[in-house]
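Thanks for coming. I have one structure to go through today, so please look at the screen.

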Amino acid sequence: MNNSIAKEKIVSLRKKRSLEDMRFKYYGFTAMCLSLAVLVFLLYTIFSKGYTAFQKTIVLLEVDYNQEVLKLTPDSSDEDMEKGKFFRVKKQAIENFFPDLSKSDIKLVKKLFSINVDKEIKDYFLDNPEVINTKQQIWVTAHSDVDQLLKGNSRRDVPEDRRKLNDIQLSYVDQLVEENRVKQVFNNFFFTKADSRHPEIAGVAGSFMGSLFTLFTVFILSFPIAIGASVYLEEFAPKNRITELIEVNISNLAAVPSIVFGLLGLGVLLNVFGLPRSTPLVGGSVLALMTLPTIIIACRASLKAVPPSIKEGALAVGATKTQAVFHHVVPLALPGTLTGTIIGLAQALGETAPLIMIGMIAFIPNIPTGLTEPSAALPVQIYLWVESAERGFQEKSAAAIMVILIFLFMMNAIAVFLRNRFERKW
Amino acid sequence: MFFWSLVLIAVGIFSSFIYGRSRIKLNSKKQGTKSKSLPNYYAQYVLMWCLFPALIVYFSWAIFQEQIIQNIVISNFEFIEGAVYNEGLLLAEIRNVANNPSFADGKSIEIINAASHYSSLRQISQISFYTSIIIIMLLGALYASQKLKPEFHAQHTIEKYIQYILIFCSSVAIFTTIGIVFSLIFESLRFFAEVSIFEFLFSTEWYPFIPIREGQTAAEGSFGAVPIFAGTFLVMVVAMCVAAPLGLLTAIYLAEYASQRVRKIVKPLLEILAGIPTIVYGFFAFVSVAPFVKAFGQSIGIDASPTSALAAGMVMGVMIIPFISSLSDDVINSVPQSLREASLGIGANKAETIKKVILPAALPGIVGAFLLAISRAIGETMIVVVAAGTAPNLTGNPFENVTTVTVQIVVALIGDQEFDNPRTLSAFALGLVLFVITLFLNIIALQIVKRYRERYE
């Protein structure tokens, strides 16, 4: 009798315990799934907010290249053509955009077009000078407000004073849609232009080049220094207090917040050495100091992985220590160090705060061509666009994030490829 | 300018190498003896004597040229008595006129004179730069070529030089630390000369608006950083509330329950999460999480700020999940297998083994991982800059708007920087606090992890 009660108790206890076991496993599984779900949700947010930025809205505009309005003749020289009065042509085209526009409506219609339209009308003419004295149907860029409306990013059911476009403008846009005088095409500006105050002609080309120059500086500075430092620490350094100090120092530097490196750049590189502000040279130097510990740690690991027999073999046939290390150990460790460097560069690419500190946050509307020219960088560009009040910049920031993520993905893919292709297992 | 000088240096080192090689061959032929080292070592010797002096000249020019020219221009500037000048603006104007003659219209005669002075100084500097590089390279090569005798041990010397170069490379890390510490301390001292350190650390009023120009009617600023520290702490606590359970449970699941296949898929995915730039998380917090938090707050009757501590903290928590999970994963994996087997052997099931044996054994390592994560959360900038507020607010309510140390550093430095104004300098004082706290957390964490590892080795 007692026996069976005890047995029952044991069975129920065992059941409870195994239930507990299941529950605990389930907790872990849920936690893992939650973390991954956030990743998926993050990527989904970026994609859903950003994919529209790869399209722009263009409007069909009838332009009359009348020679009197332009103040040009068919045989004007190229220089004179440059000076043609294209703004007058544009004004005329907009006045005749809809039949019977009143003066106040012309102003409203004008706001449907991008600021870039003048240049587009001019470029079209300079490319085809034979169109003088003819009427041409040209597709020109629409204003960001029209663009956002047609993409469904801004709502039309809010009260008029909280909208960018008023009711009259809305009716004109609707009319354009009805008459098929507006369409959406691939947004080449996003990839060929630098930052702008006007969302419809803002692009990532400038900040992309800025990031490339910055990464170039990081690579030039950090790769040789990191290899030198790790070869010394791994192969030559005597075991003493100074070496230990350097090692502790490197592991602590790896955990210093990036913004502190920005303060270092501001306080030392800009204020003491007087290097030019906002340039990839300074940004790259700061990021190089920041990524140096990461790369050194990776380099040392790959130097450690080379079996000592290789070095001993070289020493045995009469090589000096320097020869053994530089002719045999370092070449074998090179793929590993390269992988580590690329991962360090990927980290540097996404870093924003130090670049803000050294002034790479300035508004730069042109594409940089050198290391000492003021330029933006991709992550800072994203920050500027996220902070911007203009609605049209939000999709741009998400699209710029896509660009930076693809860039990062490619760098990591190269690192993995290098690791799998060249790394030897001993 | 500097591009062509690099070309010049490249040509110099190439020809010095060729010269050194042929010279030692010639010399040993003349003496009829074999040289002590291979010809390449002599060539490298000449090359180094050519390259390093040239590099020193190159960098000192790159660093000091502009400053010296500016000082000369300013000291020769014909100041008009009674007029007030801002040196930075004046210099910018002079530089603009010098680089772009079309800007000269409408500028005063002193500025045009100074601009032409500036460009002539630049020209002189360029010419003397090129000549001094050529001269220094020739001198270096000349010195080295005197040593190119067969009995000279070039290899030994080269190896010694290589050692010096390597030592220099490894000391860059030390220089960086010294640079950080000195720049922070130097500027902070200037800050504390104007604001008392007690006010900074213990007062609760942060109102950093000091009149920049005379005659502005801004109130006297006050620099009590307590609300900023409190805001940082609040965001960090929210972040850890998200990251600690999720990260730790993920690590336990991956280390103890998951099959090899799941691990192989999930670990790289978590690495993706760790590799996403923080500005992307900032965007995510701003666009998705903050509106969600606001809506959630409204639904339960709390008026949530659009830049709440909760939104910023939650996203920051997501950011440090992979950090905690990978560190804890390592720690759990390094608990000896014998402990697991003993526990399972006396009849405990997996959950009991983990809770009663593995976690207590791994506790120091996990604490170390958490401390590192906290240090990461405190130093994180972009998420809070985008998603948290800029106004200091002493509160414990995560639905309210708070600001953090990193945000205030960015805010202080993002506009006009005036290095004689406490507002700009406050960034360095805050940076110093941040640096000291993160360093302290790191040293403790690394110590704990190190001791923990030694216990099971």
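How many of the 426 residues of chain A count as buried? The figure is 43%, where a residue is buried if 20 or more other C-beta atoms, placed from the backbone, lie within 10 Å of its own.

Some housekeeping. This is a predicted model, in which local features need pLDDT of at least 70 and side-chain atom pairs count only at pLDDT 80 or more, while totals for chains, interfaces and linings use all residues. Residues are numbered from 1 along each chain as its sequence is written, and chains are lettered from A and ligands numbered from 1 in the order in which they are written.

Now the build of chain A. Chain A has 18 helices and three strands; these are DSSP runs of H or I for helices, at least four residues, and of E for strands, at least two, numbered from the N terminus. The radius of gyration of chain A, taken over C-alpha atoms, is 31 Å, well over the 22 Å from the globule rule for 426 residues, so chain A is more spread out than a compact globule. That rule is 2.2 Å times the number of residues to the power 0.38. Along the principal axes, the C-alpha atoms of chain A fill a box of roughly 95 × 85 × 40 Å.

Next, the domains, whose bounds come from an automatic or database domain assignment. Chain A is given domain 1 (2-51), domain 2 (54-193) and domain 3 (205-422). The C-alpha centres of domain 2 and domain 3 of chain A are 45 Å apart. Between these two, 10 residues of domain 2 are in contact with five residues of domain 3, contact being C-beta atoms, placed from the backbone, within 7 Å. On the domain 2 side, helix H7 (144-150) and helix H9 (189-192) of chain A are the elements that give two or more residues.

Then the sheet. The three strands of chain A form an open antiparallel sheet in the order E2-E1-E3, two strands being paired if DSSP finds at least two bridges between them. Strand E2 (135-141) and strand E3 (182-186) of chain A are the edges, each pairing on one side only. Strand E1 (residues 55-64) of chain A pairs with E2(A) over seven bridges, and A:Leu60 stands opposite A:Trp139 in E2(A).

Last, the other chain. 67 residues of chain A are in contact with 71 residues of chain B. Helix H1 (residues 2-50) of chain A gives the most to the chain A side, with 19 residues.

Technical notes: A residue is buried if 20 or more other C-beta atoms lie within 10 Å of its own, exposed if 12 or fewer, and partly exposed in between; C-beta atoms are placed from the backbone.
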